[in-house]
Every structure is written in structure tokens, then in C-alpha cells.
Amino acid sequence: TVQGDFYNGNIGQWTNIPFFTSPFVQTVNETANVQGWNLLAKYEQDDSLLQAYWDVTDRDSGQFKERRDRFDVEYLRRVQITDHQEISGGPGYRLELEDVVNTEAFSINDTSVADQVFSFFAQDEIKTLDEKFKFIVGSKFENNIYTGMEIQPNVRALYHLTDRSQVWAAASRAIRTPSRIHNDGRITSYSSTTGTFNRITPNDDLDAENITSY
């Protein structure tokens, strides 16, 4: 399977642009130019899947100018151990390339950087009691450039009470890694009420946010 999308547009908007000289802030009626496209290729057999994805976004406005390319490839393999057990898993890789033009309102220290994520997924599914009960245990292992290795396990169980009713339970851990904005970006604004500049500064020593849910 091969599919893709393309878009191009102009967005009219009012934007407050800060300056470090008088009058310090200017409200302009600007047109932001946005365009992008993506391409997805997928090859599937009975027990395996190979997928590649390329996404491009381009935005040009008074406060923010960026071109971002994202490449994503993943492979999944399913192995039937017995009639009641199936193991699946596979590796994944993501590469993001960005080119940012700094402005007074928004800036990044390193305007061109390669953001990489290596991952691996594994899962074991077991069916018992004439397939009325299903137990699944698995985990995703991910290595990123901000927080290093992260592990996201999950356990699920499902039981068919009747043909029309089920009861299930699950426990999992998920993470949210810092982004380029958190790690390396600065956002500046001006408050006409207080007559001061406000700036959000980066922190390159952040941990991943995580949640354990039941």
C-alpha cells in the first residue's frame, strides 16, 4: 500500500511581535504560509508488517518559521508458538530534521538538529479455557536523545463471561519525553500592563513525565 497527502494554505491572523526597542510590541495583521505533505508505504504478509512514513511540514509566520522532516520506519513480526500462544514484536526508528529561523518572539539555540528515537516492542498473548480467557503482557523499550532509555510495560487480561459480555483489566506505564522547546527553546513576550518582557527559558536536564494507570 502506498498513499500520501499534500496541503497548502494561507492563514490570516493577528500577531503580537515583541521588540527590544520602543514601542516594544507591535500587533500586525499577517498571513502565515503553511504547507506540507506526507507519504506512507506499507508491505504486509500473513505474519509480518513493514511500514515507512515521511512527513514534511513548513510554516512561515512573523513569530515562527520552521521546516520539519520526519522519517519513521517500523517492522512487526508475529510468531504462533502454539494454538494458544502468539508472540509479536519488532524494532522501530524515527528521525526528525528541523530547520528553524529565529525571531524575537521565538528562538532555538541550535537551529538545526537531528532528533532520533530507537525503539523495540515485544508482546506475548496467551489464550486458555477454550479461548474464553486472554492474557497479554508486553513492553515498549525506547531510547531518545533527551532522557535516554525509557521502558513502557503493560499487562492486560480479558474474560468472556458470555457471548455478549466481557470483563477486562489492565495496568500500564506511559511516558511523555521533553521536546525541543523544553530542551533548547526560548519564547519571549511583552506585557503592556506591567511594561516588562517575559521569557520562558529552556532546561536541558528534564526527566520524562510518566503515568502508571490501572
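Select residues 25-44: that's strand β2, and it pairs with β1 in the antiparallel sense over 17 bridges. Pairing here takes at least two DSSP bridges between two strands, and strands are DSSP runs (E, at least two residues) numbered from the N terminus, while helices are H or I runs of at least four. Look for V2, which stands opposite A41 in β2.

This is a predicted model, where local features need pLDDT of at least 70, side-chain atom pairs count only at pLDDT 80 or more, and totals for chains, interfaces and linings use all residues. Residues are numbered from 1 along each chain as its sequence is written, and side-chain values use heavy atoms, leaving out hydrogens and water.

**Stop two: the rest of that sheet**

Now colour the antiparallel open sheet of 10 strands, in the order β1-β2-β3-β4-β5-β7-β8-β9-β10-β13. β1 (2-18) and β13 (209-213) are at the edges, each with a single partner strand, so one side of each is left without a neighbour in the sheet.

**Stop three: the other sheet**

Next, pick β6, β11 and β12, an antiparallel open sheet in the order β6-β11-β12. β6 pairs with β11 (residues 185-191) over three bridges. Click S107: its bridge partner in β11 is R186.

**Last stop: the lining of a pocket**

Which elements each supply at least two residues of the lining of the largest pocket? Show β4 (65-82), β5 (85-101), β6 (106-108), β7 (114-128), β8 (133-144), β10 (165-176) and α1 (180-184).
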